[in-house]
Amino acid sequence: MIRKKANLVIGLTTFNNEMLRISVPALGKFAQKFTLVIHNDNPVTTVSRRQIRRMGYCGDLHIINSTQNVGLMRSRMAIVQEIRNIGINPDWFIFCDDDDILVNIDMPDVSNENFAVIQNAIAIRHRMGDMLRAMDSPTDIDPDGENIIFMRPNIGFAGNIIRGTVMFGLNRILQNISDAILQIDDSLEYMPPTDAIMWAFVNIYAKHVNQNSAPIYMDKIGYIKNELDTARMKYGRLARPVRNPDEHYRRAIAKYTAILNSALDAAALRG
């Protein structure tokens, strides 16, 4: 297959499709060219090209309407697989949630050993008015330390720039351990900290391929996180642990990363 070159792919995951009214218009304002892939993880709804065009995005677009609810991690990896299937070979990926806003998609000129570019983020926690102002003018949001939090740097998967070769390689490994990951998912009474898990996966895989690889930091605001959602349930479970969430998250991340490390060790033994 002759693969089409694309500098950037933006992967947008959605469950509550109404939230696309937050993320999509912001993407339509970028002057840079990129390929947008939307994965709709809500099997009872359909996201259409017409719907996205009416929200202001007119660039290259691919939509995946899932026939079953697969969760955030598998939604993101389905986007990576879709890009491979349609023959696009991007230098970089950025992933965005449906109720968040991408602010910066500048592609820096960095070493081949830099597997990711970490940026800053802003988290909006309490007031809907702050989110509405961010939607109108995302570059004019001033942190106040309480309702609007400046995250410098934004250590996580969503909103940061990740090298395409790393995402393709990680996707191959995750396909082989998908059943084991699902078993951990099903054992939890709360939503797994997918963003932290996937960031750990990216770091582990990149280091496995090249011990000298490392992320690089770019001191720019790249992402606005919407933390206003107070719903207790999503994907059929608690949004977060009731008690000691940090400890629960630490243990969960350790379980997921242990599976990935075992798979990488086994692959290395097979050569």
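Biologist: What does the secondary structure of the protein chain come to?
Modeller: The model is predicted, not experimental. Both helices and strands occur in the chain. The count is eight helices and 11 strands.

Biologist: Which radius of gyration does the protein chain have, against that of a compact globule?
Modeller: The chain has 271 residues. A compact globule with 271 residues would have a radius near 18 Å. The chain agrees with that, at 18 Å.

Biologist: What box do the C-alpha atoms fill?
Modeller: The box is taken along the principal axes. Its size is roughly 55 × 50 × 40 Å.

Biologist: How much of the protein chain counts as buried?
Modeller: Buried means under 20% relative accessible area. That test is applied to the 271 residues of the chain. The buried share is 49%.

Biologist: What share of the contacts joins residues 24 or more positions apart?
Modeller: Take the contacts in the chain with a separation of 6 or more. Residues 24 or more positions apart account for 83%.

Biologist: How far apart are the mean positions of the positive and negative charges?
Modeller: The chain has 31 positive charges and 29 negative ones.

Biologist: How many residues of strand 6 are buried?
Modeller: Strand 6 covers residues 114-124. It is mostly covered. The buried count is 11 of 11.

Biologist: Which residue of strand 8 is the bridge partner of F93?
Modeller: Strand 4, residues 88-97, has eight of its 10 residues buried. Three bridges join it to strand 8, and the two run antiparallel. A116 also has its bridge partner in strand 8, namely I162. For F93, the partner is I162.

Biologist: Is A196 buried, partly exposed or exposed?
Modeller: A196 is found in helix 7, residues 194-209. Its relative accessible area is 35%. Buried means under 20% and exposed over 50%. The value lies in between, so A196 is partly exposed.

Biologist: How far apart in space are A196 and A116?
Modeller: In sequence, A196 and A116 are 80 residues apart. In space, C-alpha to C-alpha, they are apart by 15 Å.

Conventions:
Residues numbered from 1 in each chain as written. Predicted model: local features only at pLDDT ≥ 70, side-chain atom pairs only at ≥ 80, totals over all residues. Heavy atoms only, no water. Helix = DSSP H or I, 4+ residues; strand = E, 2+ residues; numbered from the N terminus. Rg over C-alpha atoms; globule rule 2.2 N^0.38 Å. Buried < 20%, exposed > 50% of the residue type's maximum accessible area, 1.4 Å probe, protein only. Contact = heavy atoms within 4.5 Å. Lys, Arg positive; Asp, Glu negative; His and termini not counted. Charge placed at Lys NZ, Arg CZ, Asp CG, Glu CD. Pairing = 2+ DSSP bridges.
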